[in-house]
Amino acid sequence: MDHQILDLGIIESPQQFHQLGIFVLDGSGSMKSSGRNNISKADEVNIAVRELLTRFKASRIRKNFSFCVVNFDTSASLKTPVTEADSIDDNDNYDPLVGHGKGTLVYKGLEIAKQEAENFLQNAPQGGVPHSVIILVM
């Protein structure tokens with residue numbers, strides 16, 4: 001009996017939920033100081049965000065996730081709008097000091113995060129997969 005091997009390629013899980021991860025990155029002047037790895041805290045944040053995005057982008061369940069990035073000091077700015085994990089630029093520069101470097105008003109960053117979270121949840125399709133948001137301050 002002759003058996004054939006069928007190549008199914010990469011099997012991805014269907015979307016079962018949609019979670020938005022919002023990174024709120026501290027771009028205050030204190031992030032210029034040295035962290036644990038003898039590089040600036042801002043560089044450590046940049047590396048951590050890139051590595052985390054790479055893990056999600058390569059994951060078989062990536063269709064369940066989207067991300068956005070907010071930077072703050074005494075003001076806040078939306079660095080990356082809501083973007084699906086498989087489309088996110090995991091090689092971008094996520095250094096929170098770019099365009100920042102003043103004081104620490106975390107609530108400024110959280111205000112933008114709240115707006116993004118509310119928009120994401122309010123625009124979830126009726127009858128679709130469950131939507132949720134997680135906010136991570138770094």
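**View 1. Valine 137 in strand E4 of a predicted model.** Valine 137 is part of strand E4 (strands, E, have at least two residues and helices, H or I, at least four; both are DSSP runs, numbered from the N terminus). With a relative accessibility of 43%, valine 137 counts as partly exposed (buried is under 20% relative accessible area, exposed over 50%, partly exposed in between; 1.4 Å probe, protein chains only). This is a predicted model, in which local features need pLDDT of at least 70 and side-chain atom pairs count only at pLDDT 80 or more, while totals for chains, interfaces and linings use all residues. Residues are numbered from 1 along each chain as its sequence is written, and side-chain values use heavy atoms, leaving out hydrogens and water.

**View 2. A nonpolar patch on the surface.** Here you can find Leu105, Val106, Tyr107, Leu110, Ile135 and Val137, which together form a nonpolar patch with about 450 Å² of accessible area. Helix H2 (106-122) and strand E4 (131-137) are the elements that give two or more residues to the patch. H2 provides the largest share, three residues. Patch members have over 30% relative accessible area and no salt bridge; nonpolar side chains (Val, Leu, Ile, Met, Phe, Trp, Tyr) are joined within 5 Å, like charges within 9 Å. A salt bridge is a side-chain nitrogen of Lys or Arg within 4 Å of a carboxyl oxygen of Asp or Glu. Areas come from the Shrake-Rupley method with a 1.4 Å probe; for residues, only the protein chains shown count as cover.

**View 3. The buried side of helix H2.** In H2, the buried residues are Gly109, Ile112, Ala113, Glu116, Ala117 and Phe120. They cover an arc of only 140 degrees around the axis, so they sit on the same side of H2 (the arc is that of the directions from the helix axis to the C-beta atoms). These buried residues of H2 pack against E1, E2, strand E3 (76-84) and E4 (contact means heavy atoms within 4.5 Å).

View 4. The 18 residues of H1 (residues 41-58) should span 26 Å at 1.5 Å a residue, and the end C-alpha atoms are 26 Å apart, which agrees (the expected span is 1.5 Å times one less than the number of residues). Ala42, Val45, Asn46, Val49 and Leu53 are buried in H1. Seen down the axis, the buried residues of H1 fall within an arc of 100 degrees, so they line one face of the helix. Strand E1 (18-26) and strand E2 (65-72) are what they pack against. On the other side of H1, Arg55 and Ala58 are exposed.
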